[in-house]
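Q: I have a model open and some questions about its contacts. Can you take me through them?

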Amino acid sequence: MTNAYDARARDNQTKQIQEMVTNVKKHFGQLCQLFAAYTRKTARLRDKADLLVKEVHFYGDTETPNLRKGLKLFADQLAKVQDYRHAQVERLEAKVVEPLKSYGTILRFNRENLKATLSARSREVQQLQQLERMRQKNPSDRQIISQAESNLQRATMNATRTTLQLEEAIDEFEKKKIKDIKTIFTEFITIEMAFHAKALEVYTTAFHHIQDVEEDEDLQVFRSTLRPPDYRNPLELVCTHSRASLDRIHSPRNLQLTSCSNKESDEDTDDDDDDDNSFEDED
């Protein structure tokens, strides 16, 4: 009865350990895959940003002086952010992904210990069942029963020993797991905070470079490229011609000619009046 009770207790304990190992294997595998995917995405973002830096430089070469300067300074700051992002990727791989990967080997070792314990437990159960059969078939054959009891005792001792070893291994594993989880997630947070702090500092500088672009000066440069030194606005030409025409109309000579014309018209009118009077006299 004592052996059967101890066997059931060890069975329950072994089952709990097996469930724990299976659970850790499942979730650590998922964490490792997702952190690795996160790191790869960050690396791809870095590569795309490098292409953006090149394009901003190329575009800046085609622009007006102040805008060109602002774009190139912005691109330089963006390149610095990608240097920090590259360091972020390397640290994520070393401090987060690799430690999670190492748990594949650790879990494999614990599964082997668990397998050895289950095997020892299976032999103990077999010896216990064999002893029960011997007692039922040959209750009076003390030699066979004694041999079966001896075999069961050895199997029980072996199962107990392997169970204790498994308990010690699982206890160490649990302690290491908790410590490693704290370390891995702390490293992740520290890496992210360091990157974003540096990126915020650099982006602030980039913001000021863009804001310092002198719009009016570049607009003047742009207008000067469209209008050469001898260029005259068509509207100004029309206004000039109109002003010249008005000046000619109001010049002294034109005024004199106009006065003469008016005088001649008055004389002609007087002659006509005289002629009319002469006709009246003849009558």
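Q: How many aromatic pairs does the structure hold?
A: The structure holds 5 aromatic pairs, counting Phe, Tyr and Trp (six-membered) rings with centres within 6.5 Å. This is a predicted model, where local features need pLDDT of at least 70, side-chain atom pairs count only at pLDDT 80 or more, and totals for chains, interfaces and linings use all residues. Residues are numbered from 1 along each chain as its sequence is written, and side-chain values use heavy atoms, leaving out hydrogens and water.

Q: What sort of pair do Tyr103 and Phe173 form?
A: Tyr103 and Phe173 are edge-to-face, 6.1 Å centre to centre with 65 degrees between the planes; planes under 30 degrees apart count as stacked, over 60 as edge-to-face and the rest as tilted.

Q: Which helices are they in?
A: Tyr103 is in helix H2 (residues 65-137) and Phe173 in helix H3 (residues 142-211), so the pair ties together parts 70 residues apart in sequence. Helices here are DSSP runs (H or I, at least four residues), numbered from the N terminus.

Q: Switching to Lys177. Where does Lys177 lie?
A: Lys177 lies in helix H3 and is buried, at 15% relative accessible area.

Q: What is Lys177 in contact with, beyond four places in sequence?
A: Lys177 is in contact with Val24, Phe28 and Tyr103, contact being heavy atoms within 4.5 Å.

Notes. Helix = DSSP H or I, 4+ residues; strand = E, 2+ residues; numbered from the N terminus. Buried < 20%, exposed > 50% of the residue type's maximum accessible area, 1.4 Å probe, protein only.
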